[in-house]
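Hi there,

Here is the structure I promised to pass on. Have a look at it first, and then read on for what turned up in it.

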Amino acid sequence: TAISLGMMSASMFQTTPVSKGYSCGIHVQPTYRKMSSPFKKKTFQRGACKGPNLRCVSSSAGGAAGQQPGGPESELAGLPGWADVEWLAPLDRFAPDETETNAAGDSAADGGGVVDLDAPPPTANMNTIPLFPLGSQPYLPNSEQVLNIFEPRYRALYDNILMNGSRRFAVPLVRPVDDDILSGGGGLQLAVTCPVFYLETLKEVSEQTNDSVKYVCVHKVLDRRVKLKRVLNPSRWFDRSSYLVAEYEECEDTDDDVDTSEEEARVMALWNEVHSLQSKSEEEVRLAEGVVGSDVSMSRGGDMGSLWRSLSIWYELVTQRCSRKQSAMEARIQEILRNHFIGGGEGVPSSVAFADLPESVKTEIMRIQEEFKDEVPDEITNLVTSFSWMATHDSHAGRLGVFETVLESERKRLAARASLKALFEK
């Protein structure tokens, strides 16, 4: 399954024009003949492969075209993952709503106080922020994210953050839990530590989309993160009458005063070694030649030369690599189908049902899909779980340690590949 990430700089990846349809900004070395297939092609985007019917169902979360809620179910050994993220208690569908208008006419959703007289009174300096859960994808500081807004409650969210001038909302990771209605179970948990999206541009597209999409919005993920203390209106998640609002506090790293220069230098050296090995082995998807030295660092902060930026580059690299493998799988299936019809002297149809294919063709297609599922999902799971943990962790040294493990794993893979190549050349 491919993980969607925001727009990246094309200069981060080696670019070689190949054929229309490949993601730009990466080096792609063709290993198969790209055909213009007469069959309707389904992209495996933000959805789970449905197996023999060759279709993938794409779904969106929370009123935007984004990742489906829920985290990966399996995790790879050696790296922190989903279970290591700090989560709030499950949302309670029966909890009182504390965001209604108070006596002064303000609302918590717009920065005011709470009004439920039966609820514990808030502190005088309570900070509240709107929430927009977008699933299990980690969003890293300084990345750019584009969302298509269509659900009424999130249309209202954008109207409110424009009206009050904040232009900000938090995007917590989510994971599903058992939804026991009788006991008030929530069915969803939100991560405590969240990135903050800042709305940079908003385009009204109601006319062009017949009101199926209201806004197309471009955001910057701020260097600032927040820690949620509690959700003030959890029942709204279930009746969809409004967006969630939470009380929060600022999130700061616990090791800001610790010297991590040695760890940063070690990880930077490993990055450069991996970059060199990728170039020598002519990886189909690899870092561009310029993504070393001053262009990349492992330092603190959220600027262009920080660890956060390096993590964003690596996240995009792996997703592009998996997309490349997906494209190769789809092309192999297309070629099998095309050869079947042409070899049988039949005309090539515009579409075909899987059930109507001969058993030998179905078996070969399912074998190719199994090869893909044996390799790519583990790589994606490794990526999402480890990066989700880093995105929510409050230690720079901790993030460095996990990224070092990720890079070391890549170094070993490339070294093994180089050894195997040398053996065959002999």
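At 0% relative accessibility, tyrosine 158 counts as buried (buried means under 20% relative accessible area, exposed over 50%, partly exposed in between, with a 1.4 Å probe and protein chains only). Phenylalanine 169 is buried too, with a relative accessible area of 0%. Please keep in mind that this is a predicted model, where local features need pLDDT of at least 70, side-chain atom pairs count only at pLDDT 80 or more, and totals for chains, interfaces and linings use all residues. Residues are numbered from 1 along each chain as its sequence is written, and side-chain values use heavy atoms, with hydrogens and water left out.

Now for the rings. Searching the whole structure gives 10 aromatic pairs (ring centres of Phe, Tyr and Trp, the last by its six-membered ring, within 6.5 Å; planes under 30 degrees apart are stacked, over 60 edge-to-face, the rest tilted). Tyrosine 158 and phenylalanine 169 make an edge-to-face pair, 5.6 Å centre to centre with 70 degrees between the planes. This pair links distant parts of the chain, with tyrosine 158 in helix α1 (residues 152-163) and phenylalanine 169 in strand β5 (residues 168-170), 11 residues apart. Helices (H or I, at least four residues) and strands (E, at least two) are DSSP runs, numbered from the N terminus.

Another edge-to-face pair joins tyrosine 315 and phenylalanine 387, at 5.4 Å centre to centre and 65 degrees between the planes. Here tyrosine 315 belongs to helix α4 and phenylalanine 387 to helix α5 (residues 359-392), 72 residues apart. Both tyrosine 315 and phenylalanine 387 are buried.

Next, helix α3. The buried residues of α3 are Glu264, Val267, Met268, Leu270, Trp271, Val274, His275 and Gln278. They cover an arc of only 160 degrees around the axis, which puts them on the same side of α3 (the arc is that of the directions from the helix axis to the C-beta atoms). On the other side of α3, Glu262 and Lys280 are exposed. The buried residues pack against α4 (307-343) and α6 (396-425).

Histidine 396 lies in that helix α6 and is buried, with a relative accessible area of 2%. Beyond its neighbours within four places in sequence, histidine 396 is in contact with residues including Asp253, Glu264 and Leu307 (contact means heavy atoms within 4.5 Å).

Enjoy exploring!
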